[in-house]
Amino acid sequence: MSSTAPPRPRILENRRTFIIVASQFNAPYVQGLVDHAEKELNTLAPNTTISIQRVPGAFEIPVVVRELASFAKADAIIACGVIMQGETNHAKNLNRSVTDALQRIAVDYGVPVINVVLSLDNETQAGERCLENKINRGTEAARAAVEIAAVMSELRRK
């Protein structure tokens, strides 16, 4: 896992639409991801529209992402969630299920889905990746969303 964020992509002047689907479970950490993603999206794509959809937990993220992708109105969808490892394999199984579903949705619908549903061992990791600035995964997700939106736009113009 990287310890620094990727460089900022160029600023997009075109109008863009991004949707963030955020789990309400582990709310303080997920909100940190959302806040950082929103801030970075607004910086990199000043003419952007950002909407946020809240879902109960990480397991519910893919069904809402699929519904949103079926409308094909977003340049990219960012899925935000935090899954903490417990004493059983539940977290591992949940993360694999969510990851596989999000990838399938992106491919099937042709809408970029940025997966920032994090599987973390503890709250220290969650704080570093969700609340702090150095390696914030929300910031990284926004940068990836802006980059892939530009790539997809360019491909669709050809």
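1. Start with Pro56, which is found in the loop between β2 and α2; helices here are DSSP runs of H or I with at least four residues, strands are runs of E with at least two, and both are numbered from the N terminus. Pro56 is exposed, with a relative accessible area of 54%. For reference, buried means under 20% relative accessible area, exposed means over 50%, and partly exposed is in between (1.4 Å probe, protein chains only). Not counting residues up to four places away in sequence, Pro56 touches Ser23, Gln24 and Phe25, where contact means heavy atoms within 4.5 Å. Pro56 and Val21 sit 35 residues apart in sequence and 11 Å apart in space, C-alpha to C-alpha.

2. A word on the model: it is predicted, with local features needing pLDDT of at least 70 and side-chain atom pairs counting only at pLDDT 80 or more, while totals for chains, interfaces and linings use all residues. Residues are numbered from 1 along each chain as its sequence is written, and side-chain values use heavy atoms, with hydrogens and water left out.

3. Now the sheet. It is open, with four strands in the order β2-β1-β3-β4 and parallel pairing; two strands pair if DSSP finds at least two bridges between them. β2 (48–55) and β4 are the edge strands, each pairing on one side only. From one strand to the next, the twist averages 15 degrees.

4. β1 is worth a look. Eight bridges join β1 to β2, and five join β1 to β3. Ala22 has Arg54 as its bridge partner in β2 and Cys80 as its bridge partner in β3. Seven of the eight residues of β1 are buried, so this strand is largely enclosed by the rest of the structure.

5. Which residues touch the most other members of the largest nonpolar core? They are Phe18, Ile20, Leu41, Ile78 and Cys80, out of 26 residues. Such a core is a set of buried Ala, Val, Leu, Ile, Met, Phe, Trp, Tyr and Cys residues joined through side-chain atoms within 4.5 Å. α1 gives the most to this core, with seven residues. Apart from it lies another core of 21 residues, including Val55, Ile61, Ala74 and Val98.

6. Thr139, in helix α5, is in contact with His36, Ala37 and Glu40, leaving aside neighbours within four places in sequence. Thr139 is buried too, with a relative accessible area of 11%.

7. Last, α2 and α3. Helix α2 (residues 61–71) and α3 pack at an angle of about 5 degrees, with their axes 9 Å apart; axes are lines fitted to C-alpha atoms, for helices over the stretch in contact, and angles run from 0 to 180 degrees between N-to-C directions. That makes α2 roughly parallel to α3, since angles under 35 degrees count as roughly parallel. Among the residues that meet are Ile61 and Val65 in α2, and Val98 and Leu102 in α3.

How values were computed. Angles under 35 degrees count as roughly parallel, over 145 as roughly antiparallel, 65 to 115 as roughly perpendicular and the rest as oblique.
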